[in-house]
Amino acid sequence: QAEKEKRTMAMLLSSAGPLASAVARRSMISAPRACIRAPIHSLPHSPVSKIARAVETTLARSRHAKANARGLSSSSSAPPNVDKGVAYWLLGTGGLVAGMVTIGGLTRLTKSGLSMTDWKVQGSLPPTTHDAWMVEFERYKLFPEWQQRKSMTLDEFKYIFYWEWGHRMFGRVVGVAFTGPLIYFAARGRITPQLRGRMALLFAMGGSQGFVGWWMVRSGLNEKDGGWVKEGQSREIRVSPYRLASHLCMAFSIYSLLLYTAFDVLYPKATQLSLASVSPKIAAKLPALRASAAGTAGVVFVTAMSGAFVAGNDAGCAFNTWPDMDGQFLPDAAVEGQLTPAWRNFFENSALVQFDHRMLAYSSIGAVATTYALARRGNVWAVLPMPTKVAMNGLVGMVTAQAALGISTLLMYVPIELAACHQAGSLVLLSFATLGAHSLRAVPLAAGAPIAAAAAGGAMAGGAGMVLSK
């Protein structure tokens, strides 16, 4: 019996582990040998029974502690939840906005923007009968643009009417495509607290864009002033370039914010670049890259906005030479502007407007080249995440294509197809710039401070004009 008890104790001690074994040994030291020789089942209150219960209790506590440790470890190392449904919805809506901008550019290039002389929030169907078309045509004749286009036939009017009608209705499609899923995702609790403010802002911007568009169109239909007439050109009816730029700026801002928010969902900060295994020498180079990427996004955005003033003033139809402007670097007409106050020349003087756009385009090329060089220096490229590499390569390729499109559009006297591609190209370029800035937003400094503050400071000091916020 004593041998049996010894074997039992040996098994208990071997399975208990160091902690329980120590507890058992301390208990055994104080136990009388006579009690140890007694059968365990016959001595429920014996020291041996107490040792067995102590071992079992210690084992249970150990298992519980290990289970908790595994739970904490898995929760801390688990990747952040990525709601791809929300991300793809935002990207899809951004694609629709890009299509909306492209259609708007074609509407302007075909001189169709003033064909509809009223606006309803809910929209309306186009005329369906000959009499209804004639009523719409006669209404169009009451406004200033008709004075320049008196030879227009009914079929020609239908052509420009459908462009403007399609542009407006597509805008309503974008609104439904954003609002419908937003309600669904919100009801399912998939709009996180971090996204709620962004969603409210996007909803407000999208809703107000229709009013901004009508405000722009009204500048060309203003009967009191005879339409927006450019000084120096009699009866040149067009919408105000200031309002056109406001409309385009709103569209580009909505597009950028949709992309940036989608990237927030797809690439949470916790999954972005970490410097834990990067040498201090490489880490010291990343703040400059982050600031340059953010600055590049700002310069590209401002360049696109200057293009709105080129379009609003038909400045692309003048000085159709490159790299000079009719044999001059800065044409005389750009410095001899007669508009008062003088600042108006930067937005209404065709020569100066085109010169500014050229200089900003060169600045965009320089910004992209600088950012790419910073990404490629040393061993920085090896530590960059794939989205950053895609953005950097895309920036280089797209800024080259965009420059070629811009020069070709100018030299060929603004053909509709090239001009539309040039406007769409600005959105693609801005997309790569946005991705590049976003993919580096969480890069820490060598000391552990977030790099976002350094990027914002560098962009402000460089006068980028716009930095996408966190």
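How many helices and strands are there in the protein chain? The protein chain holds 17 helices and 2 strands, where helices (H or I, at least four residues) and strands (E, at least two) are DSSP runs numbered from the N terminus. The model is a predicted one, in which local features need pLDDT of at least 70, side-chain atom pairs count only at pLDDT 80 or more, and totals for chains, interfaces and linings use all residues. Residues are numbered from 1 along each chain as its sequence is written, and side-chain values use heavy atoms, with hydrogens and water left out.

**Figure 1. Overall view of the protein chain.** Of the 470 residues in the protein chain, 44% are buried; buried means under 20% relative accessible area, exposed over 50%, and partly exposed in between (1.4 Å probe, protein chains only). Among contacts (heavy atoms within 4.5 Å) with a separation of 6 or more, residues 24 or more positions apart account for 77%.

**Figure 2. The largest nonpolar core.** A nonpolar core is a set of buried Ala, Val, Leu, Ile, Met, Phe, Trp, Tyr and Cys residues joined through side-chain atoms within 4.5 Å. The largest has 49 residues, and Trp89, Leu90, Phe178, Met199 and Phe252 have the most contacts inside it. Two or more residues each are given to this core by helix 4 (84-109), helix 6 (154-187), helix 7 (193-221), helix 8 (241-266), helix 10 (286-312), helix 13 (350-376), helix 15 (386-411) and helix 16 (416-439). Helix 8 supplies the largest share of this core, 13 residues.

**Figure 3. Surroundings of Met199.** With neighbours within four places in sequence left aside, Met199 is in contact with Trp89, Leu90, Phe178, Leu182, Ile191 and Thr261.

**Figure 4. Helix 4 and the residue that follows.** The 26 residues of helix 4 reach 37 Å from first C-alpha to last, close to the 38 Å expected at 1.5 Å a residue; the expected span is 1.5 Å times one less than the number of residues in the helix. Just after helix 4, Lys111 takes a positive phi of about 55°.

**Figure 5. Thr303 and its contacts.** Thr303 lies in helix 10 and counts as buried because its relative accessibility is 10%. With neighbours within four places in sequence left aside, Thr303 is in contact with His357, Leu360, Ala361 and Ser364. The C-alpha atoms of Thr303 and Ser363 are separated by 8.6 Å, although these residues are 60 residues apart along the chain. Two polar contacts are shown, a polar contact being a pair of N or O atoms within 3.5 Å; within protein, one atom must be able to donate a hydrogen and the other to accept it, and residues adjacent in sequence count only if both atoms are side-chain atoms. A polar atom of the Thr303 side chain lies 2.8 Å from the backbone oxygen of Val299, and the side chain of Thr303 also reaches the backbone oxygen of Leu360 at 3.2 Å.

**Figure 6. Backbone geometry in two loops.** Most residues other than glycine have a negative phi, and most peptide bonds are trans. In the loop between helix 10 and helix 11 (332-335) lies Pro323, joined to Trp322 by a cis peptide bond with omega of about 10°. The loop between helix 10 and helix 11 also contains Asp314, with a positive phi of about 50° although not a glycine, and Phe319, with a positive phi of about 55°. Asp314 is partly exposed because its relative accessible area is 27%, whereas Phe319 counts as buried at 16% relative accessibility. Pro341 is placed in the loop between helix 11 and helix 12 (345-348), and the peptide bond from Thr340 to Pro341 is cis, with omega near -5°.

Figure 7. On a 1 Å grid over the protein atoms alone, a cavity is a set of points where a 1.4 Å probe fits but cannot get out, and a pocket is an open set with protein on both sides within 12 Å along at least five of seven lines; lining residues have an atom within 4 Å of a point. Grid points are joined across faces, edges and corners, and a volume is the space filled by probe spheres set on the points. The second largest pocket has a volume of about 380 Å³. Its lining comprises 15 residues, of which Thr192, Gln194, Leu195, Asp264 and Val265 are the closest to its centre. Helix 7 gives the most to this lining, with 3 residues. The structure holds 2 cavities of 30 Å³ or more, and the second largest cavity contains about 40 Å³ of space. This cavity is lined by Pro323, Asp324, Met325, Gln328, Phe329, Phe355, Arg358, Met359 and Tyr362.
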